[in-house]
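Here is my note on the model you sent. The points go from the whole chain to single residues.

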Amino acid sequence: MFRQLDTPSSEITIFWEDRPLSAYQGELVAAVLLRHGIHSTHHGQSTGSRGPYCMMGVCFDCLVDVDNQKAIQACQIIANDGMRLNRHMNMAGTGHTHDA
Ligand code: FES
């Protein structure tokens with residue numbers, strides 16, 4: 001469903017829950033995840049599974065944990081080689097907190 005439109009730049013590797021994913025320098029993390037079929041990026045006690053939706057920093061549905069930083073918007077960060085991503089688990093029950 002999702003595909004790269006531009007001529008790709010140099011290829012890099014990022015990791016989603018220890019799974020290597022190919023990405024391109026300058027690509028948004030959320031775009032990489034969607035292109036690889038990863039639609040659920042965080043889970044909240046009251047919201048259930050959520051994933052990238054607006055792609056412009058409004059919905060906060062794309063939260064991920066990045067290199068030990070919690071609750072980062074995947075649609076607002078650029079993929080870097082070796083970046084390690086994990087599903088954000090928000091068990092506070094409010095869905096859009098940064099308290100994990
Ligand atoms: S996809 Fe909506 S804030 Fe990232």
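1. Overall size. This is a predicted model. Its chain has 100 residues, and a compact globule of that length would have a radius of gyration near 13 Å. The chain has 13 Å, so the two agree. Along the principal axes, the C-alpha trace spans about 40 × 25 × 20 Å.

2. Of the 100 residues, 26% count as buried. Now take the contacts with a separation of 6 or more: 40% of them join residues 24 or more positions apart.

3. Secondary structure. The chain holds 1 helix and 7 strands. Read from the N terminus, the order is β-β-α-β-β-β-β-β.

4. F60. F60 sits in the loop between β4 (48-50) and β5 (63-66). Is F60 buried, exposed or partly exposed? It has 17 other C-beta atoms within 10 Å. Buried takes 20 or more, and exposed takes 12 or fewer. F60 is therefore partly exposed.

5. D67. This residue is also not a glycine, and its phi is positive, at about 45 degrees. D67 lies in the loop between β5 and β6 (69-73). Its count is 12 other C-beta atoms within 10 Å. The cut-off for exposed is 12 or fewer, so D67 is exposed.

Methods. Residues numbered from 1 in each chain as written. Predicted model: local features only at pLDDT ≥ 70, side-chain atom pairs only at ≥ 80, totals over all residues. Helix = DSSP H or I, 4+ residues; strand = E, 2+ residues; numbered from the N terminus. Rg over C-alpha atoms; globule rule 2.2 N^0.38 Å. Contact = placed C-beta atoms within 7 Å.
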